Amino acid sequence: MVQPTVIPAPRSEERRQLAELVRAELTRFVGLRPTDPLPEATAFLDLGFDSLRAVDFKTVLEERLATKLRSTVIYDCPTVGSLVDFLLDSAAAHPAPAAE
C-alpha cells in the first residue's frame, strides 16, 4: 500500500493556526467573548495573570497541545505573540515522531 505524501504547511500557516489556537484558549480562559480583540502584543499581566493563573493556563496549553511546558513559560513569554513564537520554535526543535 502506498502511503500518501504529507506536505507540511508553510511556517506562516503553522504560526497562524497556532496563534488562533492560543487566542481561542486564552479567550475562554479569561472569560472574554470570542469577538473581543486579543492582539498578539497583549501582555498576560494586562489580562490579570498572577503566578497561579499562569500555571493554570500553562496546564490548559499542555493538555490542548499534548506537550509539557516549563512552569515559567508565561513569564518567559510575556505576550501572546511571544508565546506563539516560543511554541512554534519548540515544535520545530522537537518534532513529533513519524507515524509508522
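Read along the sequence, this chain follows the pattern α-α-α-α. The secondary structure comes to four helices and zero strands, where helices (H or I, at least four residues) and strands (E, at least two) are DSSP runs, numbered from the N terminus.

Before the details, the conventions. This is a predicted model, so local features need pLDDT of at least 70 and side-chain atom pairs count only at pLDDT 80 or more, while totals for chains, interfaces and linings use all residues. Residues are numbered from 1 along each chain as its sequence is written, and side-chain values use heavy atoms, with hydrogens and water left out.

Now the totals. The accessible surface of the chain is about 6,900 Å², and 58% of that belongs to carbon and sulfur atoms. Those areas come from the Shrake-Rupley method with a 1.4 Å probe; for residues, only the protein chains shown count as cover. Of the 100 residues, 29% count as buried. Buried means under 20% relative accessible area, exposed means over 50%, and partly exposed is in between (1.4 Å probe, protein chains only). As for contacts (heavy atoms within 4.5 Å), take those in the chain with a separation of 6 or more: residues 24 or more positions apart account for 57% of them.

Leu18 is in helix H1, which covers residues 11-30. Its relative accessible area is 13%, so Leu18 is buried. What does Leu18 touch, not counting residues up to four places away in sequence? The list is Leu65, Val84, Leu87 and Leu88. Take Val84 from that list: Leu18 and Val84 are 66 residues apart in sequence, and their C-alpha atoms are 6.6 Å apart in space.

The other one is Glu62, found in helix H2, residues 51-65. Is Glu62 buried or exposed? At 10% relative accessibility, Glu62 counts as buried. Leaving aside neighbours within four places in sequence, Glu62 is in contact with Thr67, Lys68 and Leu69.

On to salt bridges. The rule asks for a side-chain nitrogen of Lys or Arg within 4 Å of a carboxyl oxygen of Asp or Glu. By this rule the count comes to ten. I will go through three of the pairs.

Glu13 and Arg16 meet through their side chains at 2.6 Å, N to O. Because they are three residues apart in helix H1, about one helical turn separates Glu13 and Arg16. Glu13 is partly exposed, with a relative accessible area of 26%, and Arg16 is partly exposed as well, at 39%.

The next pair is Glu40 with Arg15, a salt bridge at 2.8 Å, N to O. This pair links distant parts of the chain: Glu40 sits in the loop between H1 and H2, Arg15 sits in helix H1, and they are 25 residues apart. Glu40 has 26% relative accessibility and therefore counts as partly exposed; Arg15, at 22%, also counts as partly exposed.

Which residues are linked with Arg15 and Glu40 in a network of salt bridges? Arg23 and Asp85 are the other members of that network.

Arg33 has a relative accessible area of 55%, so Arg33 is exposed.

That is the end of the walk through the model.
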